[in-house]
Amino acid sequence: MGILFENDLKLCLALGILSVIVILLNALIQVYLPTRNLPPLVFHWFPIIGSTITYGIDPFKFLFDCQAKYGDVFTFILLGRKVTVYLGAKGNQFILNAKLKDVNAEEIYSVLTTPVFGKDVIYDVPNAKFMEQKKFIKFGLTAAALRSYVPLMQDEFHSFIKSNPQFKGASGIVQLPPIMAEITLFTTARTLQGKEVRQQLNTTYAKLYHDLDDAFQPINFMLPWLPLPRNRRRDIGQRKMTQLYTDIIQARRAGATEKDSEDMIWNLMQCSYKDETPLPDTEIAHMMIGLLMAGQHSTSAASAWIMLHLAAQPETLEELHQEQLRALGGSTTAELTYDHLQNLPLAKHVIQETLRLHPSIHSIMRKVKNPLPVPGTEWVIPPSHVLLAAPATMGKSDAFFPKAELWDPHRWEHIADPHESEKETMDYGYGLVSTGADSTYLPFGAGRHRCIGEQFAYLQLTIVVSMMVRYFKLGNVKRKGVVETDYSSLFARPMEPAYVRWEKREEVA
Ligand code: HEM
């Protein structure tokens, strides 16, 4: 027993000494070994872990601290990977508009997304095929389709609030982010996803959605195959969700479902690749899952942030209410139309300001494929590195947005339309998009991988926020300002709990 204990002690001691040697060697190499032709490496004590923890806790603080110390270009260690960050407009141009042969998104994202979306779509296909798929999605997001979604979203909103036990009575307290997530899911389901998906939302679909969503975790970037119960539920959920969509498609093809709206499934069912192959049903199913996941988190986080700010600044909520009443000619009962939505400048500024201050996607990553010289320096970024663009850092910088930490929608009254500064455009295979070279505001990214859901997201956010404002007066509960940001999941979101006090307006009570 005594000898065993002594041996254990010796082993621990040896391991301890070895760890200290490795840590010291790692530190000495960083300090003394010249890294010719490579951007500066962020100092870290522990190999492999590197800066993972500081970056993970608050990526913006980490990026700004590193920028102050090393400049716009630097490399840090993220779970053993060398990640080179290039900040600022030049960095956005360098990364988001790099040539396809030099950088690649799918090698980074596919491990996480393919088990959730399914095969043969988005990051599981060569980029040229994905660009065609983006074009098909764009076909389905026409102004006519968006116009038809306006009454559907409002209907969903009314029934959500009326049937939700948390909004019984004249006033109360509610945890806001989960409510906004549900409203986002319901309004997306009834419009983009279609009638049948909406019908199954209270039962099968919601469970499958949560099983898939649960697997959308940062750890799955590294270890998506871990035999965790969560990953097993993901794999089963993925198959069942695909079946659910293919059943809907086949019923539609058999004429069993009447077309009652311009949803994305109807649109994709008519699409064919350049070689005239029609989009297979499983690909439609997988694209629908991908679209749901792409939009849900960013939009629901944005709507939650907006309502939290309005609870903290009720005077802005009242301004929004007045703006809406003016657009509706003073009527408190008239429904919003697509045209009304174009006449709500403050609502637009509220969304712009929220996406500036609370971007849900803080880091955009690409795999380097060929050595990439950084113009104006002697540095060459090797193919072993990952590139990280963070256009949102510019939105949070006082240099571009005075008093950047303040949420002030009115600042946009003095800023030219941000799209004006996205002058340069390019067609990557799905229509002209901004290359975003000079813009200080790129909440939807730029270049080949730019978001195609922007118009849909704006429509949905404008409607949801307008309806909330129309139903409720809001206020903070035992809190000044808004909650902190939770960076622990893949998409940044408000830290919970985030309670607000609501009071129904007389006209809806
Ligand atoms: C406020 C809401 C949203 C924000 C802030 C947002 C933001 C972004 C950003 C920053 C990117 C670029 C990612 C990259 O370069 O790696 C992106 C891409 C994309 N987004 Fe969105 N998005 C939003 C809503 C939506 C919605 C509602 C949809 C679907 C209807 C959608 C579908 C997509 C798709 C398909 C891509 C393309 C990915 C690629 O080409 O690699 N997004 N989005």
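This note walks through the model point by point, beginning with the ligand and ending with some residues in loops and strands.

1. **How to read the model.** This is a predicted model, in which local features need pLDDT of at least 70 and side-chain atom pairs count only at pLDDT 80 or more, while totals for chains, interfaces and linings use all residues. Residues are numbered from 1 along each chain as its sequence is written, and side-chain values use heavy atoms, with hydrogens and water left out.

2. **The shell around the ligand.**

3. A polar side-chain atom of His-449 lies 2.5 Å from a ligand oxygen. For Arg-366, an N or O atom of the side chain is 2.8 Å from an oxygen atom of the ligand, and for Tyr-109 the corresponding distance is 3.2 Å. Helices (H or I, at least four residues) and strands (E, at least two) are DSSP runs, numbered from the N terminus.

4. Which protein atom is a donor of the iron atom of the ligand? The only one is SG of Cys-451, at 2.3 Å. Donors are N, O and S atoms within 2.8 Å of the metal (3.2 Å for Na, K and Ca); water is not among the atoms, so sites may look incomplete. Cys-451 sits in the loop between β10 (432-434) and α19.

5. Arg-450 belongs to the loop between β10 and α19. Is Arg-450 buried or exposed? With a relative accessible area of 8%, Arg-450 is buried. Buried means under 20% relative accessible area, exposed over 50%, partly exposed in between (1.4 Å probe, protein chains only). Its side chain makes a polar contact with that of Glu-454 at 3.0 Å. A polar contact is a pair of N or O atoms within 3.5 Å; within protein, one must be able to donate a hydrogen and the other to accept it, and residues adjacent in sequence count only if both atoms are side-chain atoms.

6. **The nonpolar core.** The largest nonpolar core has 144 residues, and those with the most contacts inside it include Phe-76, Met-180, Leu-310 and Leu-459. The helix α14 supplies the largest share of this core, 16 residues. Such a core is a set of buried Ala, Val, Leu, Ile, Met, Phe, Trp, Tyr and Cys residues joined through side-chain atoms within 4.5 Å. Leaving out residues up to four places away in sequence, Leu-310 touches Thr-316, Leu-317, Leu-320, Trp-407, Val-465 and Val-469; contact means heavy atoms within 4.5 Å. In soluble globular proteins, nonpolar side chains tend to be buried together.

7. Gln-175 is found in strand β4 (residues 171-175) and is buried, at 17% relative accessible area. Its side chain makes a polar contact with the side chain of Glu-496 at 3.3 Å and reaches the backbone nitrogen of Ala-498 at 2.7 Å. Glu-496 and Pro-497 are joined by a cis peptide bond, with omega about 5°. Pro-497 lies in the loop between β13 (493-494) and β14 (499-504).

8. **Two lysines with positive phi.** Most residues other than glycine have a negative phi, and most peptide bonds are trans. Lys-403 has a positive phi of about 50°, and phi of Lys-478 is near 45°. Lys-403 is exposed, with a relative accessible area of 57%, and Lys-478 is also exposed, at 87%.

9. **Thr-84.** This residue is in strand β2 (residues 81-86). At 0% relative accessibility, Thr-84 counts as buried. Beyond residues up to four places away in sequence, Thr-84 touches several others, including Pro-39, Val-73, Ile-381 and Leu-388.
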